[in-house]
Amino acid sequence: MSKNKAGSLLAIGLCLIVILGCSRFGKVTNEVVTKPPAEDSKTFTLNGKEWNSFDLDQTDVKAEFPGKPADKTPPLPASFRAVFSSMRIHSYDEKDFQSSVTQLVPTGNRKFQVKELADTSMAAMKKQIPNLTYTLDIESESKAKYNGSFTKNGKTYDVRGCCIYKKGPDPRVWAVITLYPTDNADARTAGQRIIDSVIFKGATDECK
């Protein structure tokens, strides 16, 4: 599986878990942290990076990345269309650093709680990575923050991000997630900068 495919599964898994409580997100972590030996010494660095702000296509999200994010939106499964009318996924992935922004547009046919959306994704990830530990910082009825970590092949990774549930006549569900080695200061800095920079248009919540 290519790095791009693994990156898209990161975001896809997150949003599908939100809907069904499935375990696809765990497959991503297996791809991210299980690499051929030749790549073990390669890790994300900020050297040479040029940060820019991007309006993510067909979303209400703007964010900064150290390179151009890729649109990795798959076809929306027919079985999900009663719950969500559209889904967009953008990600920036490099070596052992991954980030993604997902936007879902609810149809209004199902009611959600932000804790359900956030907790289900982490619980499903934990099924695949039993040593994952996480907490959810439920700051309001519309915002939850992810804080997690796990160890794979002797390497510890951090999971950070947020889930935002904008209610009202024009609802949205946004998920921002970053995944990186705990001991990589550059990756941690990049992940936090992405999280801090996100703007959800039409919403008062921030990811930071």
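These notebook entries record what I looked up in the structure.

**Entry 1: Overall make-up**

I began by noting that the model is a predicted one. I counted four helices and 10 strands in the protein. Reading along the sequence, I wrote down the pattern α-α-β-β-β-β-β-α-β-β-β-β-α-β. I then looked up burial: of the 208 residues, 49% count as buried. The protein exposes about 9400 Å², and carbon and sulfur atoms supply 48% of that area. I also looked up the contacts between residues at least 6 apart in sequence, and found that 56% of them join residues at least 24 apart.

**Entry 2: The sheet**

In which order do the strands of the open sheet lie? I found seven strands in the order β3-β4-β5-β9-β8-β7-β6, with antiparallel pairing. Strands β3 (70-71) and β6 (133-140) stand at the edges with a single partner strand each, so one side of each has no neighbour in the sheet.

I followed one pairing in detail. Strand β5, residues 97-106, pairs with strand β9, residues 172-181, in the antiparallel sense, and the two share seven bridges. Within this pairing, S99 stands opposite T178 of β9.

Is V105 buried or exposed? Its relative accessible area is 14%; this is under the 20% cut-off, and V105 is therefore buried. Leaving aside residues up to four places away in sequence, I listed its contacts as V83, F84, S85, S86, P171 and R172. I also recorded the separation of V105 and M87: they are 18 residues apart in sequence, and their C-alpha atoms are 6.6 Å apart in space.

**Entry 3: The cysteines**

How many disulfides does the count give? The count comes to one disulfide. It is formed by C162 and C207, whose sulfur atoms are 2.1 Å apart. The pair links distant parts of the chain, for C162 is in strand β8 (residues 155-166) and C207 is in the segment after β10 (199-200), 45 residues apart. I noted as background that a disulfide is a covalent bond between the sulfur atoms of two cysteines.

The torsion about the S-S bond of C162 and C207 is about -125 degrees, so I recorded the disulfide as left-handed. I checked the accessibility of both partners. C162 has a relative accessible area of 0% and is buried; C207, also at 0%, counts as buried.

C163 is in no disulfide. The nearest cysteine sulfur to that of C163 belongs to C162 and is 7.4 Å away. C163 counts as buried, at 1% relative accessibility.

In soluble globular proteins, nonpolar side chains tend to be buried together. The largest nonpolar core here has 26 residues, and F150 and V159 have the most contacts inside it. At least two residues of this core come from each of β4 (84-94), α3 (114-128), β7 (143-152), β8 and β9. Which element gives the most to this core? Helix α3 does, with five residues. Another core lies apart from it and has 22 residues, including Y92, F97, W174 and I195.

**Entry 4: Helix α4**

I turned to helix α4, which covers residues 185-197 and has 13 residues. From its first C-alpha to its last it reaches 18 Å, close to the 18 Å expected at 1.5 Å a residue. The buried residues I found in α4 are A187, A190, G191, I194, I195 and S197. Which strands do the buried residues of α4 pack against? They pack against β2, β5, β8, β9 and β10.

**Entry 5: Positive phi values**

Most residues other than glycine have a negative phi. I recorded two residues with a positive value. Q58, which is not a glycine, has a phi of about 60 degrees. Q58 is found in the loop between β1 (52-55) and β2 (61-65), and at 55% relative accessibility Q58 counts as exposed. N153 has a phi near 55 degrees and is likewise a residue other than glycine. I placed N153 in the loop between β7 and β8. N153 is exposed, with a relative accessible area of 61%.

Note on methods
Residues are numbered from 1 along each chain as its sequence is written. This is a predicted model: local features need pLDDT of at least 70, side-chain atom pairs count only at pLDDT 80 or more; totals for chains, interfaces and linings use all residues. Side-chain values use heavy atoms; hydrogens and water are left out. Two strands pair if DSSP finds at least two bridges between them. A disulfide is a pair of cysteine sulfur atoms within 2.5 Å. Buried means under 20% relative accessible area, exposed over 50%, partly exposed in between (1.4 Å probe, protein chains only). Contact means heavy atoms within 4.5 Å. A nonpolar core is a set of buried Ala, Val, Leu, Ile, Met, Phe, Trp, Tyr and Cys residues joined through side-chain atoms within 4.5 Å. Accessible areas come from the Shrake-Rupley method with a 1.4 Å probe; for residues, only the protein chains shown count as cover. The expected span of a helix is 1.5 Å times one less than its number of residues.
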